[in-house]
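Here is a protein model, to be read with the criteria behind each label in view. What do the labels rest on?

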Amino acid sequence: MTALTTEDLDPSIKIAVIGNGSIGKSSLIRRFCRNEYVENYKKTIGVEYAEREVEVPGEGDVRVMVWDTAGQEEFIKMTQEYYKDADAIILAFSTTDRTSFDTLLKWRAKVQEVCDDIPMVLVQNKIDLVHEGVVGQGEAEALARDMRIRFYRVSVKEGINVDEVFIYLSQLHFQRSRARRQAHAEQTATSTSTHATSPPPRPVSTSIPPSLSPPSTRPRSQPSSLSRPPKPANPNPVPMPLPALPTDDRASESRRQSSGAGRQSTNEGYGKVEGGGGRERPQSAAKKIVAGIKKKLTK
Ligand SMILES: Nc1nc2c(ncn2[C@@H]2O[C@H](COP(=O)(O)OP(=O)(O)OP(=O)(O)O)[C@@H](O)[C@H]2O)c(=O)[nH]1
Ligand SMILES: [Mg+2]
């Protein structure tokens, strides 16, 4: 089970609509958000925004935020900024405009320049004008298959298939983000259980600049009489298992050890592993060492 996120509590999706000018992008959004249709054409300058709450089967009420981008060439660089932020893309063309179909791959390339694998759908608008059509249904379906995306035939004017496009994209987006979260949670669980069986990591003090370190409980240089006695050299000739370090730290740790720095913490590490690993010296020997130290200290 994955953790609950704000996306579960307040589901929303950002969709950008792209494609050549005058194919009906603004009309599609106006129909979806306000259920209105306007006959006269007024080109979009830059980017416009609209939103609507819609019930998405399996997801409940979803806030759909839509970016209406200008299809005119002069605005492409500017509108591309908005795809970057989108969760899904509607790639649209018009039944009566051959160029708008022929440039679809170019539009998709613009998306791929700025987005990773983003949910997308292909929309053919103005199917009420199919008698004036210049794009065959077969070739549009073939293109959608090549792009591996779903294809919708829409008439904004007649209100055909408009909500369906937005609802499908919302479902796709939420399914994918749930799958991603679940994969991430499984990956985290696997790496946590791997770490649980490894020995605890040794402190690598050199990885934290002194200014960021928590204040030390021990002064840096201590009088020799209070410093810990050096541990005896490891009697075991077999290399002790060292706790796994993050990859980057391994190199610096081996440099640190070969330069002699941090020896004491290395010994402490070995000592801890020894204590739990059944390689302890006989207790009497240990007692002798402690007694010797006490003797030295009381001199
Ligand atoms: N017959 C018909 N006309 C439509 C349809 N959808 C939009 N139109 C008309 O197409 C023209 C262009 O529509 P817009 O929505 O402004 O086109 P756009 O893609 O936003 O254009 P830009 O803002 O320049 O990128 C308008 O006159 C609309 O009335 C439709 O489904 N059928
Ligand atoms: Mg427009």
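Q: What makes a stretch a helix or a strand here?
A: Helices (H or I, at least four residues) and strands (E, at least two) are DSSP runs, numbered from the N terminus. By that definition the protein has ten helices and six strands. The model is predicted: local features need pLDDT of at least 70, side-chain atom pairs count only at pLDDT 80 or more, and totals for chains, interfaces and linings use all residues. Residues are numbered from 1 along each chain as its sequence is written, while chains are lettered from A and ligands numbered from 1 in the order in which they are written.

Q: Where is R148 found, and why is R148 called exposed?
A: R148 lies in the loop between α6 and β6. A residue is buried if 20 or more other C-beta atoms lie within 10 Å of its own, exposed if 12 or fewer, and partly exposed in between, with C-beta atoms placed from the backbone. R148 has 7 C-beta neighbours inside 10 Å, so R148 counts as exposed. R148 also has a positive phi of about 60° although it is not a glycine.

Q: What makes K126 buried?
A: K126 has 24 C-beta neighbours inside 10 Å and therefore counts as buried. K126 sits in the loop between β5 and α6. K126 is not a glycine, yet has a positive phi of about 65°.

Q: How do you know which strands pair?
A: Two strands pair if DSSP finds at least two bridges between them. Strand β1 (residues 12-18) and β4 have four bridges and pair in the parallel sense; in β4, A88 is the bridge partner of I15. Six bridges join β4 to strand β5 (residues 120-125), and these two run parallel, with L91 opposite L122 in β5. β1 and strand β3 (residues 60-69) also pair in the parallel sense, over six bridges, and S12 stands opposite R63 in β3.

Q: Why are β2 and β6 said to stand at the edges?
A: Six strands form an open sheet in the order β2-β3-β1-β4-β5-β6, with mixed pairing. β2 (47-56) and β6 each have a single partner strand, so one side of each is left without a neighbour in the sheet. Neighbouring strands of this sheet are turned by 25° against each other on average, direction ignored (axes are lines fitted to C-alpha atoms, for helices over the stretch in contact, and angles run from 0 to 180 degrees between N-to-C directions).

Q: What makes strand β4 mostly covered?
A: Seven of the seven residues of β4 (residues 88-94) are buried. A88, I90, A92 and S94 are on one side and I89, L91 and F93 on the other, and both faces are covered. For the protein, 22% of its 299 residues count as buried.

Q: Why does I23 count as buried, and which residues is I23 in contact with?
A: I23 has 26 other C-beta atoms within 10 Å, so I23 is buried. I23 is found in the loop between β1 and α2. Two residues are in contact if their C-beta atoms, placed from the backbone, lie within 7 Å. Leaving aside neighbours within four places in sequence, the contacts of I23 are G71, A92, F93, S94, D97, S100 and N125. I23 and D97 are 74 residues apart in sequence and 7.6 Å apart in space, C-alpha to C-alpha.

Q: Why is Y152 buried?
A: Y152 has 20 C-beta neighbours inside 10 Å and therefore counts as buried. Y152 belongs to strand β6 (residues 150-153). Beyond neighbours within four places in sequence, Y152 is in contact with V121, V123, N161, E164 and V165.

Q: How do you know that the buried residues of α6 are on the same side?
A: In helix α6 (residues 137-147), A140, L143 and A144 are the buried residues. They cover an arc of only 100° around the axis, which puts them on the same side of α6; the arc is that of the directions from the helix axis to the C-beta atoms. On the other side of α6, G138, E139, A142, R145 and D146 are exposed. What covers the buried residues of α6 includes α5 (104-114), β5 and β6.
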